[in-house]
Amino acid sequence: MIGYGILIFVIGFCSGQIVHTYLLAFIPLGSLMTFTGVFFYLRMTDLNEEFTWNENEDFLTFFWNVIALKLWTSIFMLWMLIMNTILFTDGKI
C-alpha cells in the first residue's frame, strides 16, 4: 500500500504539472494511501525487532533493507505533506 501510494502521488504530481491541473487530485489520494500504509505498518511492527542486525546478513543488506527503505519512505512522506499543504492553501484542490 505504501509503494502504490507513492506511485500514485508521483503520477499525480508529474501529470498535474505537465498535462492537466485536475490530475493534481491524485496527490491527496496517494498521500492518504501512503499514510494509511505507514500507520498500519507501525501498528503491527515491533520496531526493536525491525531495526536489529541479524548475524547472517552483511552491512549492505542491512542498510538497504532497513535503513534506506525507511529513509526514502520518510522523505516521500515529508514531500507529500508539503505538497498537500501547498495544494490546500493555494486553493487548487
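Eleven residues line the largest pocket of this predicted model, and Val38, Tyr41, Leu42, Lys70 and Thr73 lie nearest its centre. A pocket here is an open set of 1 Å grid points where a 1.4 Å probe fits, with protein on both sides within 12 Å along at least five of seven lines, and lining residues have an atom within 4 Å of a point. Local features in this predicted model need pLDDT of at least 70, and side-chain atom pairs need 80 or more, whereas totals for chains, interfaces and linings use all residues. Residues are numbered from 1 along each chain, and side-chain values use heavy atoms, without hydrogens or water.

**Largest pocket**
- The elements giving two or more residues to the lining are H2 and H4.
- H4 gives the most, with five residues.
- The space in the largest pocket is about 190 Å³.
- By class, the lining has eight nonpolar, two polar and one charged residues.

**Packing of H2 and H4**
- Helix H2 (residues 26-44) packs against helix H4 (residues 59-90) at about 140°, with axes 10 Å apart.
- The crossing of H2 past H4 is left-handed, the near helix being turned anticlockwise from the far one by less than a right angle.

**Contact residues**
- Residues of H2 including Thr34, Phe35, Val38 and Tyr41 meet residues of H4 including Lys70, Thr73, Met77 and Met80, where contact means heavy atoms within 4.5 Å.
- By class, this contact of H2 with H4 has eleven nonpolar, five polar and one charged residues.

Key: Axes fitted to C-alpha atoms, helices over the stretch in contact; angles between N-to-C directions. Helix = DSSP H or I, 4+ residues; strand = E, 2+ residues; numbered from the N terminus. Nonpolar A, V, L, I, M, F, W, Y, C, P; charged D, E, K, R; others polar. Points joined across faces, edges and corners; volume = space filled by probe spheres on them.
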